[in-house]
Amino acid sequence: MKNLEKFLIEAKKETYANAKVEKVASNRLGSKDYEYKKDNMLYHDTYFGGVSFIGEEVVYVDNKPYWAMNYYGVTIDDNLEEEAMDAALRPALMRVGEDKSVIPVRGPSEYSNGEYKYIFTVDGTIDNFTGVETIYKNSKKIYELKCHGGKIK
C-alpha cells in the first residue's frame with residue numbers, strides 16, 4: 001500500500017490541486033478530466049459541475065482498476081467559488097501527504113490561509129474510508145465535500 005500512497009500523493013499534486021496543470025480530453029459528456037501516469041500506474045480524476053460537483057478518482061495498476069474514491073462537494077456561497085478554490089482548496093490539496101495523521105486522499109487535517117480555514121476529517125484506512133472536507137471563511141462555513149473509497153477487488 002505504501003506504493004499506492006506515494007503514487008496518490010504524486011498524482012494529486014500533478015492534477016487538479018496544481019492550478020498550472022491542464023485537463024486532458026473529456027472521457028464523458030460534460031466531464032472535466034485529469035490524468036497522471038507513472039510506470040505501471042495510472043490515476044484518472046473525472047468530475048462534473050463547478051459550484052456543486054461530483055467526481056471519481058481511480059488508480060489503475062497494470063491497466064486494472066485497483067483503488068477509487070467518489071466525492072461530492074458544494075460551495076455554499078456561490079460568489080466565492082473560484083476565490084475559495086484558489087485561496088483554500090488547491091493550496092490545501094497541494095499539501096497532501098504532509099500530515100501523517102490523515103491518509104493521503106485529500107489535504108491535511110487543517111490548513112489556514114488568511115481568512116480561510118480548511119479542515120479534513122477521515123475515518124478508516126486507504127483500503128476503506130469516508131471523509132469530510134470543509135472550508136470556512138472568517139469562521140463561516142462556505143464549502144463542504146464528502147468522500148469515500150478504497151481498494152477494489
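The largest pocket is lined by 22 residues, and Y16, Y47, F53, L89 and R90 lie nearest its centre. The model is predicted, so local features need pLDDT of at least 70 and side-chain atom pairs count only at pLDDT 80 or more, whereas totals for chains, interfaces and linings use all residues. Residues are numbered from 1 along each chain as its sequence is written, and side-chain values use heavy atoms, with hydrogens and water left out. An open sheet of eight strands is present, with antiparallel pairing.

**Largest pocket**

- The largest pocket has a volume of about 370 Å³. A pocket is an open set of points on a 1 Å grid over the protein atoms alone, where a 1.4 Å probe fits and protein lies on both sides within 12 Å along at least five of seven lines; lining residues have an atom within 4 Å of a point. Grid points are joined across faces, edges and corners, and the volume is the space filled by probe spheres set on the points.
- β2 (41-49), β3 (52-61) and α2 (81-93) each contribute at least two residues to the lining of the largest pocket. Helices (H or I, at least four residues) and strands (E, at least two) are DSSP runs, numbered from the N terminus.
- Helix α2 provides the largest share of this lining, six residues.
- By class, the lining comprises 10 nonpolar, three polar and nine charged residues. Here Ala, Val, Leu, Ile, Met, Phe, Trp, Tyr, Cys and Pro count as nonpolar, Asp, Glu, Lys and Arg as charged, and the others, Gly among them, as polar.

**Sheet order and strand pairing**

- The strand order in the open sheet is β1-β2-β3-β4-β8-β7-β6-β5. Two strands pair if DSSP finds at least two bridges between them.
- β1 (32-38) and β5 (110-113) stand at the edges with a single partner strand each, so one side of each has no neighbour in the sheet.
- Neighbouring strands of this sheet are turned by 15° against each other on average, direction ignored. Axes are lines fitted to C-alpha atoms, for helices over the stretch in contact, and angles run from 0 to 180 degrees between N-to-C directions.
- Helix α1 (residues 2-13) packs on the sheet and touches β1, β2, β3 and β4 (64-75), its direction making about 50° with that of β2. Contact means heavy atoms within 4.5 Å.
- β1 and β2 pair in the antiparallel sense over seven bridges, with E35 opposite H44 in β2. These two strands form a hairpin with two residues between them, and D39 in the turn has a positive phi of about 55°.
- β2 and β3 run antiparallel and are joined by nine bridges; T46 has E56 in β3 as its bridge partner. A hairpin with two residues between the strands is formed by β2 and β3.
- Strand β6 (residues 116-125) is joined by 10 bridges to strand β7 (residues 128-137), and the two run antiparallel. T125 has N128 in β7 as its bridge partner.

**Selected residues in helix and strands**

- F7 belongs to helix α1 and is buried, with a relative accessible area of 3%. Buried means under 20% relative accessible area, exposed over 50%, and partly exposed in between (1.4 Å probe, protein chains only).
- Not counting residues up to four places away in sequence, F7 touches Y36, K38, M41, L42, Y43 and V59.
- T134 lies in strand β7 and counts as buried at 9% relative accessibility. Leaving aside neighbours within four places in sequence, T134 is in contact with K117, Y118, I119, K141, Y143 and E144.
- T121 lies in strand β6 and is partly exposed, with a relative accessible area of 46%. Not counting residues up to four places away in sequence, T121 touches T130, G131 and V132.

**Positive phi in loops**

- Most residues other than glycine have a negative phi.
- S139, in the loop between β7 and β8 (140-151), has a positive phi near 70°. At 72% relative accessibility, S139 counts as exposed.
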